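Here is a friendly tour of one model, written for someone who likes to know the cut-offs behind each term. Please have your viewer ready.

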Amino acid sequence: MPGGAVTELETAVEYLEGYAEVLAGVCATGRRLTREEREALRSRGERAAEAGIGLRALVRAHLAEAQRVHSELQVATADHLLSAVEQAVDAFAEGHERAQHLLMRQEEAARREFIDDLLYGRSDLGRIAERAERFGLLLSHAHAVAVAQGPEPYSDGYEVTRSVESSLVARFGNRRILLTTKDGRLICVAPADETEVLAHFAKQAHAATDGGQVAVGRAHPGTSGVVHSYEEALNALELAARMDLDDPVLYAADLLVYPVLTRDRQAMADLVQTVLGPLQQARGGAKPLLDTLTAYFDTGCVTAQAARRLSLSVRAMTYRLDRIHRLTGSDPGDPVQRYTLQTAVVGARLLDWPDQVL
């Protein structure tokens, strides 16, 4: 028997106080365990669980003690021993399981509190860094965060969460990765030098969420860097929804032009109003012509392809582009004027114009 197993078994014996006397008393009278005896056994089971002793070693210790008691009993009274052991072990295991469940709930509460503090930076950064090591993170290093969302919200214990977690563990083992859920999304925090971890997470999450979308923030150092990367990933998902970006995986580093364009919101609003405002004079308002420009620019300014995207004839598409030229004074086909128009179209989508008044 390995030395570790012997030590655990020997430790388990410490929680058998009074057990032999209970067995002997039950066998002598044929009675069942009293309420007080069962509660005492549950209490010892709880203490054993809190001490970190496994239930298997504890059951083995109970059986070994029962065997010793059996050897001292008379044949007439030994018939009741099995029933007594069953009752005693059941009560002891109940206490052990009760304590284990409580410890699990406390651990999950501590983990959830840590995740909230980590992702929102709501606690002392030094304290967060200390607690992070308990959950496998070394926040003195740079980290990046990936966020996945699907058609349905996801929480801990959901099949999607378990599937992605199993895949990450099978592929990478313990590489200081934190996988969790927040606000119905799957979140993966990984060291900056483990880029393949987030790539694998993105692939698995996209598949598991039935076509969901994953955004990956840039890597940043320190505790505040995790918050920054997380916010970048969330902003990328929000931007994708607003700009109709349907890429399965979005990288915040590839989308930096959009925050730059809206950094001076008033300037962008002025550009949209000045360049695209005249489209509101068209029959049906600005929206159809704005959609025309969006399709035209998204297809690389290929009229026929844009027409197919909008279910229009090439002739109708050409008419719309001419109409835009007449109203705005800018020609979508002219390379110089096209840049101004395209920037204004991007700004309109970012600012949700014309649905929102600028």
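## The enclosed space

How many cavities of 30 Å³ or more does a search of the whole structure find? The search finds one. Here a cavity is a set of points, on a 1 Å grid over the protein atoms alone, where a 1.4 Å probe fits but cannot get out, and lining residues have an atom within 4 Å of a point. The largest cavity holds about 30 Å³ of space, where a volume is the space filled by probe spheres set on the points, and grid points are joined across faces, edges and corners.

Before going on, a word on the source: this is a predicted model, in which local features need pLDDT of at least 70 and side-chain atom pairs count only at pLDDT 80 or more, while totals for chains, interfaces and linings use all residues. Residues are numbered from 1 along each chain as its sequence is written, and side-chain values use heavy atoms, with hydrogens and water left out.

Leu55, Leu58, Val59, His62, Val89, Phe92 and Ala93 line the largest cavity. Two elements give two or more residues to this lining: helix H4 (55-72) and helix H6 (81-120). H4 gives the most, with four residues. Helices (H or I, at least four residues) and strands (E, at least two) are DSSP runs, numbered from the N terminus. By class, the lining of the largest cavity has six nonpolar residues, one polar and no charged; Ala, Val, Leu, Ile, Met, Phe, Trp, Tyr, Cys and Pro count as nonpolar, Asp, Glu, Lys and Arg as charged, and the others, Gly among them, as polar.

## The largest pocket

A pocket is an open set of grid points with protein on both sides within 12 Å along at least five of seven lines. The largest pocket has about 400 Å³ of space. It is lined by 17 residues, and the closest to its centre are Asn235, Leu239, Tyr258, Pro259 and Thr262.

Which helices each supply at least two residues of this lining? They are helix H10 (222-243) and helix H11 (257-262). H10 provides the largest share, seven residues. The lining of the largest pocket divides into nine nonpolar, three polar and five charged residues.

Strand S1 (residues 142-149) is mostly covered, with six of its eight residues buried. Buried means under 20% relative accessible area, exposed over 50%, and partly exposed in between (1.4 Å probe, protein chains only).

Two strands pair if DSSP finds at least two bridges between them. S1 runs antiparallel to strand S3 (residues 185-191), joined by six bridges, and antiparallel to strand S4 (residues 213-216), joined by four. Ala146 takes part on both sides: its bridge partner in S3 is Cys188, and Val216 stands opposite Ala146 in S4. S1 also pairs with strand S5 (residues 220-221) in the antiparallel sense over two bridges, where His143 stands opposite His220.

How many disulfides does the structure hold? The count is zero, with a disulfide taken as a pair of cysteine sulfur atoms within 2.5 Å. Cys27 is buried at a relative accessible area of 1%, and Cys188 is buried at 0%.

Asp270 is found in helix H12 (residues 265-276). Asp270 counts as partly exposed because its relative accessibility is 42%. Gly347 lies 77 residues from Asp270 in sequence, and the two are 9.9 Å apart in space, C-alpha to C-alpha.
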